[in-house]
Every structure is written in C-alpha cells, then in structure tokens.
Amino acid sequence: MKNLLNVLDRFCKGHLLDEKIFIVPSYQTGHQIGEDLAKSGSSWINLQFVTLPSLAMEIAGMELQSLGLQQISGTATRVLINHIFRELKEGSELVYYRDLEAQSGIIDAISRSIRDLKAAGIKSTNLKVDQFIDKDKGRETQLILKRYEEELEAGKFFDTAMLYKTAADVAKKSTSNPERHYLCLQDQIFSKIERDFLESLTEDLILVPHGEVVGMARPRRMIKIKEKEPVGAKPTTNLKRAPWLFALKDAPVPFKDNTLQMFQAIGPTNECREVIRRIIIEKIPFDQVEIIHPGGSNYPSIFFVLSEKMGFQFSSSEGLPLNFTVPGKVFSGIIDWMENDYPVSDLCRLLESEYLKTPKDEEGKSLSSLKISRTLKEAKIGWGKDRYIHRLEVLCREKKAKTEENADSLKDIYKIKGWIKSVLDLFPSWEEEKIDSKDLCIGISSFLKKYSRVRDGRDGDALGRITSRLDEASSFKAIPFSKDEAVEWLRSTADDLRIGSSGPMPGFLFLTSYREGGFSGREYSFIVGLDQGAVPGSRLPDPILLDEERESISKDLNVTSDRLRENLYLMTALLSSLSGQAVLSFSSYDVFEERPSFPSSFLLQVYRLIEGDVELDYSALMGSLGKSSGFVGGVEVDETDWWLDFIAGDGQFKDAKKSVKDLYPFISNGDLARSKRAGPDLSTYDGLVMISEEECNPLKNSALSMSASRIEKLARCPYGYFLRYVLEVLPPDEIVVDKAAWLDGLERGSLLHDVLCVFMKGLRERGESLGEKAFGEEIRRVAEKVMETYREENPPPSEAVFERERREIFGALDVFLKAEEKREEKVEPLLFEVNFGFEGEEGEGISESVILEVGPGISFRLKGKIDRVDRKGRGSYRVIDYKTGSYKSYESIKAFGKGKYLQHALYAEAAEKILKEKKIDEAARVTVTGYSFPTGRGDGREILIENFDRARLKELLLNLFVFLEKGYFLVNPKASCDFCDYGVVCGKGVINRTKEKKETNTEQFGVFDRLEEFE
C-alpha cells in the first residue's frame, strides 16, 4: 500500500492541477486510496476515482439515451436467458442441451458463458460450429447468443459489451485533452472489450503499482507494462520479502521476526475466534486490523455472530447475507410456505417470530402475533391455500353457536380472516400446471412491502434490495414455471444479495475479500480461509464453454489455467502490498462433513518463504503449525471460552456442576430429579406425590366424570395418567403435514365409526337387516359423504394418497359386511353412538353421566360413547365397541385384561342404566360385551366376554382408585412405552429403573401385583 501511495503522491505533485482520473475496481477501494493518501500527508486536488463501467456510462450515456436504449442488469439477463432457453427447448430446437433442465445453476452457467463471449468481443456471427467439441453444441450455443442479441435489440436494451463498444467509439471521436490523465492499478484484470475501451481513452495509461511480484509472468488479461520497474528498497522484515514468494532462490535472507505468521484452526468459527484472541492478546486497536477472506464466504457471518456476543463492531466490504435481516427471513419463510403448499405451521412460525406486520383491532392496536397464530391453529387449516378462508368461516360459525363466547373474539377472527385474504390474494395457486413468473415476483414483492417488519437500517436496505430485484424481474417477459422451478428460481434470485456493505470505519474491524484486500492501509492483516479449495482455486473448467473450445474460439477468452494463474498472482500481490504484520490461516477440519481439510499450496509457499527453504513439503508445514486452535485458547473470547478454560484449562476436565447449578437453578432442579429417579427410594420425581383426594379421586369428587379410556390409562401407567389428567400436560394438537398419509390411526377409526353409525341407523330406520340383500353400494355411498366431511377438516396431501386410503376404507367396510353376514347368532341392532355425560351431544344416549356403584355408598361418575347396542332377545343385550386396529392385544382378555381393558365391562354397566332410564327395557341385562374388528387388520373378528363377574369389576376399580387415593402415580413396571406421548418426559431406561425400585417399595407397587389377578 505504501508503494501505491508513494507513486500516487509523486504523480499528483507533478500534475498538480491536471485532471487525474483513477480507474479502480470499486468506489469503496477508491475511497480507501484517497483517504489513505490524505492520511499520509499528501495534498491532492482534481483526483477523481471512478470504476470502468461508470466512466463508460459517463462517456456513452448521452449517445445511448439518444438511441432510446436502457441498460440490462444481471438479474434481467438471467431472466432473459432463462426465457430464451425454455423457448428453444419447448420448440424442440435443442439437441445437445435438450436434457438440461432450466434450473438456476444451468441458467447461471449459460449466462456466464454468454457474458464471457461478449466480453471477448464475440458475436453470434463470429462463432463457428467446428470450434466446439460437438457441432450440435456449437450450433445451439450460437443460437442462444443470437437470440440474446435479438432480444436486446427488440427490447431496446444494451449490455456491458455494448456500453464499452459505444463508449470506445465516442472516445475515439473526441479530442484528447493533454491535461487529463488516466490511471489504474497495474494488477487489475480487464477483458478484451475493457482493454479496447481503455486504449480508446488514452495512449498513455498510467499503471500504479500496488503489490510487487517477482519471478511470475503477468497474467495475459492484465495491461502490459512497458518498462518494468525494479523492486523497491531492500526488505527489512519477512513480510516485505513477499514479492519473492515464487522466486525463492532469488529472495533475500529470511528475518527472525513475527511479521509473517500462520496458524490452523478447527473449523472456520474457531479460525475467527483465534483472530479475535490474537487481537486481544497483542492489544491491537480494532481499527488497525484488516481481515481478508475468500469472496462470498461465511466469514462475515461468523464475525457478525461473534460481534453480537462480544460487543465489538466491524464493517464489511461484502456485507452480510440477506437472511441476517427480517425481510430476508420473511422472504425465505414465504418461499418455504408456498413450496410446502401453504401449511399453517410455516405461517405461524413467521408470526410467532414477530417478523410480520399484523392487522389492527377496533382500537387501532395491532393484533398479537400469538393470538393470530393460535386462531389459525384452532381453525384446523392444516395446509392448502384454499382452506384458510373456509376454515376461518367455519370457526366463526362455531364461535357464534356458543352463546358464552365473547363478541370481541369474533371480531378478532373477522379481522384475521380479512388479513389472511389480503395475504393469500398476493400468491399464485399451485393447482395451475404452470405459474407466471411475473405474477409470482409481483406477489412476493408486494407481500414484503406490505407485511415485512423493518426494525433498523439494515432491514430497510434488505427490503429495498430484494423488492427491487423482484420488481425488475417482473418487468420482463413472463416465464411459465412449474412449482419446483418457481421455488428454485426464487431462492436463487437472492443468493448473491448482501446488505450493510461499507469501507473501513474508526473503531471497527474491517473485513474484505481477497480481490479487494490490502487498500485499507492498516498495520495488521489476517488472511483467513486459505484451505486447499481457496487459492489458486478449483481446477474444474467452465461446464458450458470448455477450455478446448475457448482456445479455439478466441485467444481473448480466459481458460482454467488463466484463472488459476491470476489467482496466484493477485494473492502474491496482495500479500506484498501489506505492511506491518500479516497472519495467514486455514481450517484444518470440516466440522459439518466431519473430515480433515488441508492447507492451500499458497500457504505452503508462504511457509517456504518464511523459512527460506524451497524444499519444504506439506508434512513440514503441518508440523510447524502446532495444535489447531479450538475453543480453549488462553484468552476468553466469550462465555463459552471462559467456561471451557475454567473447566479444562490445564488439559483435564474439572467438575463444574456446582457452578452450573448455582447459576442455573432449573438445571439444578433437573439434575436433582435425575439423581432421585436413579436412586433406590421413591420420590416426587417418580410420581409419589401429595395430592388432594377430594380433587382427583372420583370416589370423593362427585363433579369428576371418568371415561373408560381414562381408567384404562390409570391401569396401564399411573405416571402417564398423572401427566395427562392431573397436570394436564397435553401433546401438541396440530395438523401436521405427512406427504405419505392422510389420516392417522385415531382419525381413521373415527371415520369408520361414523360410517358404520350412519349406515346401521339407516338399516334400522327402514327395518332392514344385514343378510337380506347386498349393501355394498349403500355403505360406500355413506362412506363417500363421511370422507368428504373429513377431507374438509383435514386435507389429504395428494389425490394419490387420498385414493389409496379411500380404497383401504372401502376394503375395511367390505370386511365389516362379510363379518355381519356370517354371524350365526342374529341380533337386532338397537342403538348407535350412545353418548352419556356430554350435555348437548347425547345422540341416542343421555346427557348425564352414569353413576356406577363400587361398594356400599361408594360410587363414581362415568362418561363415554357406546358404538353399538344390540338386542339379543327379551331382556338380553349385547354391547359392541368397534376397533380399527389389530385384535392381537385383545386375544388374552378373559374378563378385564388386568385392568388395561375395561371399556367393554364399564360400557355394559352403563348400557343397562341407559336402557332403563330411556324406558326401553326396565329389566335390561347386558349378557355379552366386547369388541368388533371390522377392518383388514382386524380380519372382521369379534372378541366377546359373556356374563363377566360384576363383583370382581367393583373390586378391580377399588384397587385402581388406590393410586388416586394415595398419590401413587408410578410407572407401571410392565408398561409398554413404545407409543406413549410422554416418553421424552420419562427418559430412557425408565422401565428398568422402575423394576429395581419395586424390589424395595413393595407397598406402593403392591397395587400392580393385585391387578395381575384380574385377567
């Protein structure tokens, strides 16, 4: 950098009042050079920093405007190439490229090849098919380029190639000004059209040196130096020996200093942490540090996270990815929402993250995001764009039907419905075979502008950039996308967007890329990311225009070897431009792939320079680097470092449990729970709790109604009962998208129950019975209607899945009909869906709970729903419950299944009372009760219990309620945990722990042993 400033200082003093135009890679680089020039004490006036495109526009702008032309951007070029490629493919004009899909990667590769051809001054008329490895490829490449040229002309656009060509023509016609001087960096890379433009400006372009390079041929895309200046002053540090990096035999003797250092780290994150450690250890002011990283890498993102944790500030020439902003997260989230067919869970995540603006209530206040999210989940939308409004309307009707519902709640739902409608109107429906790219871009841009929150300037910048790009894309010809293509194209639209870019700032670390590094003039430089893929870079050729084809087409097209040579030359120039101290590093381990990674060949060459030995190899390099930097490094970057250093600073882990528990009481409570569970004694954490018997025991609490499934849950696992019914810990109640299934087991069971109920009621009302005629068509018609209702509540993921499950349901109904027809004992189906204990929903039952006595003066309330009651004969009845799963677990039931299968017995008792209360039969007696399995899995079987012992049932229930009386909410040592919703609460190995505790806690576990007697 000092060399550049000295040359520039001399030139400015020698041409004090002349106009000096310095062509720089970016305005940011120019600003840095100008600022450093002033800081060095140089006085300069009439020095203007410009980029080559801006200079060309300044010269050619009036000419292009007079022709009515406007410039086409990179985004618009991608859209145009995409459109051209699709048209040619759909028109069957492609043979070589016909198997390529119009995905963003392919379109980007074609766009780059078109750009390279144009940059080399090549038109479609210059291309020859025999210049390609395949004539079809040559013809099609020529055709794509020709169509691109025609589209530019038809749309009155000009691209960069035309800009430079026009600017060069205008410049040639202009009178040269001897008092105007053009300067540029001598190591800048220029294409053919850029060089032609420069030559049209001046015959005496001043090349300003930045970094010196000895012993390497200049890449051919650099401006030729007429007379190469000798290397400057004799080096005084190892860093100043950098110009001889690839001329080690001629390099001065190494210095034993630390001006050029290296290290390795475990992953890029630790590489960045080590940089911060070194800054802290050496007490370097942040605004004296420049961190140089690979272009487009994750390093700025890593430093952003570290800066948030540590409180330091940094600026970045590249900026940060779009997803570090709210609009970026909304853009990404909305694409996911659309791709997954608008699942309500995706939209709720955006709402719950407070990323979206919400509608206002009657008082003008924004509705709570959580309230909207809860309402959408309550509406059981599931997924599908067309379900949102309909399901919200259904929810409104349901709320209206409940007179106790607050009117304000309804108003909020109406507000939410209106807001959702305005949102959905912006997006396309995936039902269409193709989606219009124009409508897609307009819709997403409008959504972001209307509903994305903007918290700060960075968010505002992000919103402006992404919506501008979408608006620009929508101004071109519409592309008909499939759903997958649309999603992939949208994501690629923002891939290269960065926000918050800036130059060096006082008090800030400065991050910049390899191509723009070395201009800040800072005394301390860190060059990170120097692994094997960084420098000289990938050796893979361009996938569209191969090196062999490029060499055949034009010497002005760069090939892979050119790119590699340029990278090495520029990195050497960068290193030699630095002053003070430089530290180079790489990641020695890929954390995500869980495999080692290796240093760049450039780093090996730097090691040879440091040691002054050209024979050193990679093993010597790796041996010199020492241990890879990790989370423990002597200086605490953040709390993670502090803790790790505290507990493992001497290489051995200390016990930090006490400190952690003191700081985090919830962890302490959890650790106590775990230790108590692991111990031999029963405790609260095992389910041994003090409980209000009047509240939880149905024998003492007359307001508590038990269900058969609740009582069975108590027998299966009192601990699960405690979580579900006492603590009321409920699993998430949300429709989850499963692309392979429509209904889960419970939903399918409910559907079959509803079908059988409607069908059997129909037979009863007509006085018909099964066996008299075929009822297959009728039961299928009933099933179709019921399925439509369920489909409205819970949409299938696809028609194919729906059709598969529809056939399975029809198959189950066929099994039911065959089983009914084969039954030897004929019965009279009497009642169906007999509810009891559900006010307003009794159906053919009663509204009150049934009171069951279990002893003298001891009773409890039971509620439930009996699927079917049949009349066997006078005073004799049969109770049936339909099960849609397998019958295997029911085969061992003799009467009560050790308390785990009580529904048949409880419903038998309840059915007798209901029959008497409804005046159907004052002497009703259920003599048979059990389960029917009318599906393919159940094979149409019936498992029936005749005349079970009523006294034994009462004894069993009294034993069960002991759990509730004494607070013994223990895990059943024989529980089956495979399908339990609370497995994560109990943890692994719970059954083994329980069995061990049973041996020393016989009283508490005695109930389980007694239940074994009730088979």
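A cavity here is a set of grid points where a 1.4 Å probe fits but cannot get out, and its lining residues have an atom within 4 Å of a point. I am working from a predicted model.

**Entry 1, cavities.** I searched the whole structure and found 4 cavities of 30 Å³ or more. I listed its lining: 13 residues, with Y685, D686, V971, V990 and T994 nearest the centre. Helix 36 (residues 990-998) gives the largest share of that lining, 4 residues. I sorted the lining of the largest cavity into 8 nonpolar, 1 polar and 4 charged residues.

I then looked up the second largest cavity, at about 50 Å³. L852, E853, V854, E909, R950, L953, K954 and L957 line it. Strand 21 (850-855) and helix 33 (950-960) are the elements that each give two or more of these residues. Helix 33 has the largest share, 4 residues. I count 4 nonpolar, no polar and 4 charged residues in this lining.

I checked helix 29 (residues 745-766) against helix 30 (residues 776-793): their axes come within 9 Å and cross at roughly 135 degrees. That angle makes helix 29 oblique to helix 30. The crossing is right-handed. Among the contact residues I noted L751, V755 and F759 of helix 29, and I779, V782 and V786 of helix 30. The contact divides into 11 nonpolar, 1 polar and 4 charged residues.

The axes of helix 12 (residues 344-352) and helix 13 (residues 369-378) come within 8 Å and cross at roughly 170 degrees. I therefore logged the two helices as roughly antiparallel.

Key. Residues numbered from 1 in each chain as written. Predicted model: local features only at pLDDT ≥ 70, side-chain atom pairs only at ≥ 80, totals over all residues. Heavy atoms only, no water. Axes fitted to C-alpha atoms, helices over the stretch in contact; angles between N-to-C directions. Parallel < 35°, antiparallel > 145°, perpendicular 65-115°, else oblique. Left-handed = near helix turned anticlockwise from the far one by under 90°. Contact = heavy atoms within 4.5 Å. Nonpolar A, V, L, I, M, F, W, Y, C, P; charged D, E, K, R; others polar. 1 Å grid on protein atoms, 1.4 Å probe; cavity = no way out; pocket = protein on both sides within 12 Å on 5 of 7 lines; lining within 4 Å. Points joined across faces, edges and corners; volume = space filled by probe spheres on them.
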